[in-house]
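Dear colleague,

Please find below the structure that I am handing over to you. My notes on it follow directly after.

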There are 2 protein chains.
Amino acid sequence: MKITYCARSERSTRNRFMRLKHSGDLRRAHRVEVVRSFYGGEPRTRLELANQLGLSVATIGTIVGELTKAGFLKEAAGARTGGGRPATQLTLRGGGSLVVGVDVAETYVTAELFDQAMARLARKRVPVLENAPEAVVEHVLAAVAAVRRQVYEAPVSAIGVSLPGQVEARLRPLLERRWDVPVLLDNPLKAITLAEQMFGAARDQDDVIVVNLGTGVGLGVVAGGRLLRGATNNAGEWGHTVLEAGGQPCRCGGRGCVEAYVGAGALMRLLEGSPFLVSGDQDATVARLAEAVRLGDSAALETLTRFARPLGLALANAVNMLNPELIVFGGWVSAALGEPLVSAVTPVIKEYALATPFEAATAVLGRHLDNPVSLGMAVLAFETHLLD
Amino acid sequence: MKITYCARSERSTRNRFMRLKHSGDLRRAHRVEVVRSFYGGEPRTRLELANQLGLSVATIGTIVGELTKAGFLKEAAGARTGGGRPATQLTLRGGGSLVVGVDVAETYVTAELFDQAMARLARKRVPVLENAPEAVVEHVLAAVAAVRRQVYEAPVSAIGVSLPGQVEARLRPLLERRWDVPVLLDNPLKAITLAEQMFGAARDQDDVIVVNLGTGVGLGVVAGGRLLRGATNNAGEWGHTVLEAGGQPCRCGGRGCVEAYVGAGALMRLLEGSPFLVSGDQDATVARLAEAVRLGDSAALETLTRFARPLGLALANAVNMLNPELIVFGGWVSAALGEPLVSAVTPVIKEYALATPFEAATAVLGRHLDNPVSLGMAVLAFETHLLD
């Protein structure tokens, strides 16, 4: 089956300022928007949808009609009465078209199966012990097959796979024609950010940065309500902006990159010689550090404070550049360190950012730390139906 | 008259992904979009507009009807015949509603008068010798009065004033109720970027950074076809991202900011002891340097190469973050140094940016170097009519 890359389909939902080439694109964009507006929210009437989305009731009527006929929306059980006559409430229809979201990380592959209302039906996580592309692809196929086997009542209609930038070029050809349904590829930053925007901490926020802290680091950006993708879907490479010219060597081959100071590898370096270090095991090391921080261990707190300096400086640069209202701390390192990380970093952001953009921004932990990557990819995969 | 700040009116044209609150907002957004699509372009038919903007012919018909009735559009002189029946071509109607765009810079105030098709009818530039806010405001009032006196045939219907961030808070209250027409305030970065996007080097480009190099420096960003504003209209403060922690003192009170290395003041410092330096005169100094660069003077070229290093590094960071397809060099320093600046900076961007975003980006000189600030402010001021 055809593989779509770079969420090209989503690019085609860009609004009119973005020079849609066909009027049908706008109708498809409206469908996506109506479905998205139901995620994590209440049932609502056509009139409420029209008001929320700034569309006419007639337009909403047409879109709702299409989506209902296609089986994506249904009338909700009850009907609310306002001052006037009762109006029918609509909601997402569960079941139906199932989708799989896959998170290909450096040490594991997670596949999750969702129904079309994005309720999770099954999950499979397999460790990646060998990094050869062929081996990784076999893990991906196995994980997807496992979740598909767990649910028989409906067919899977699309698969979304998140591939980290550094392996994308090698994995992509190996994934082609391995499944019988459409496949959408994107990168984890975009998936995480979309998940936070649809279901998480960034709901109803227009200008957001989602900081992904793990072995690699990056920034997902919502600008004016939309995912920032850039010309070739590479926006958000904050991890490879230079923090110190000629500084620490980075995995990318450069020197002084943000990632070389705030990636899990840098945290391991910071912990050398400390009792928190579990040599060769980032997960265990960060977990130990996090536990000690929670217990108020002074050496652990001191490490957190040192780690927060380059992170806060690099985030201050992002705050000055992008002027977000919300900074969401995501990724497994943020999940492990939790609120103490946010508290340690915030004063450093304040020290380096201009006063106005600093005051405009609130820093919070991401809410969907379980697996926002698979969830975001499932949403993107599902939307291929809405864009047909 | 009421002063609108931060292009709040333009914010209200945000598309549905941005949660418009009323369906009328979308209609107003369509009006802006139709008018913008004519800037710098050819007359076109309703069908061509519909295809270009991704709207239905019926919607375009309604919008064109409204805009024609309001006197903003007219039928073009000729009618083109395609394969089928001849279709009426539309174009912007000149004259009509005049607007003034004002550029308040550190050493001058420029006011320009435009008709509603953005043809410039008059221009007045006055030097600013004293920086007290009251004095600056008198210069602004004088410049605007001068251009209004030059054109009698139509009334001025709106005034757009660009204020640099550092003086905005002090000037804003002094400008209130000084004119008899609506006034729109914004910052120069946004105005320059809009001018480049509507009339200049960035036309038909969706992902652009406009580097404004002058005494202060900043970045205007077009992301997915739209101006990036951020939560409080402060996006683009690239000039105050940190290039070197604890480095050169900056006018903002911080240390190591990009501006402290690539602003005109930094260039003056770089030229200390050289024959190009005209002490206390940035304009004359940069003009001398530019002339020497053009003549191939080796000391001048060496200075340009040194100046290009921090600039290229800081731009590489922006390229990694934003993944633009186009980098536009704007501002008076770029205008003075010209193509040799672009040529000197490009290899440094390549050195520090990731390969994929670097390859995606093209660097060019800005096209509207005359006064994009007044032009951009005039467009924003005119659009207050379309948003009524």
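A salt bridge is taken here as a side-chain nitrogen of Lys or Arg within 4 Å of a carboxyl oxygen of Asp or Glu. In this predicted model, the side chains of A:Glu138 and A:Arg178 form such a pair, at 3.5 Å from N to O. A:Glu138 belongs to helix α5 (residues 133-150) of chain A and A:Arg178 to the loop between α6 (165-175) and β9 (183-186), so the bridge ties together parts 40 residues apart in sequence. A:Glu138 is partly exposed, at 43% relative accessible area, and A:Arg178 is likewise partly exposed, at 40%.

Over all chains there are 22 salt bridges. Another of them joins B:Arg36 and B:Glu383 at 2.8 Å, N to O. Because B:Arg36 lies in helix α2 and B:Glu383 in helix α15 (residues 372-386) of chain B, this pair ties together parts 347 residues apart in sequence. Both B:Arg36 and B:Glu383 are buried.

Turning to the interface, 64 residues of chain B meet 63 residues of chain A. The area buried between the two chains is about 5,200 Å², with 56% of it from carbon and sulfur atoms. Zero salt bridges are counted between chain B and chain A, whereas 19 residue pairs are in polar contact across the interface. On the side of chain B that touches chain A, α2(B) gives the most, with seven residues; that side divides into 27 nonpolar, 23 polar and 14 charged residues.

Finally, the largest nonpolar core has 108 residues, of which A:Trp238 and B:Trp238 touch the most other members. Among the residues that A:Trp238 touches are A:Leu219, A:Leu311 and B:Met321.

With kind regards

How values were computed:
Residues are numbered from 1 along each chain as its sequence is written. Chains are lettered from A and ligands numbered from 1 in the order in which they are written. This is a predicted model: local features need pLDDT of at least 70, side-chain atom pairs count only at pLDDT 80 or more; totals for chains, interfaces and linings use all residues. Side-chain values use heavy atoms; hydrogens and water are left out. Contact means heavy atoms within 4.5 Å. Buried area is the accessible area (1.4 Å probe) that two parts lose on being put together, summed over both. A polar contact is a pair of N or O atoms within 3.5 Å; within protein, one must be able to donate a hydrogen and the other to accept it, and residues adjacent in sequence count only if both atoms are side-chain atoms. Helices (H or I, at least four residues) and strands (E, at least two) are DSSP runs, numbered from the N terminus. Ala, Val, Leu, Ile, Met, Phe, Trp, Tyr, Cys and Pro count as nonpolar, Asp, Glu, Lys and Arg as charged, and the others, Gly among them, as polar. A nonpolar core is a set of buried Ala, Val, Leu, Ile, Met, Phe, Trp, Tyr and Cys residues joined through side-chain atoms within 4.5 Å. Buried means under 20% relative accessible area, exposed over 50%, partly exposed in between (1.4 Å probe, protein chains only). Lists of a residue's contacts leave out its neighbours within four places in sequence.
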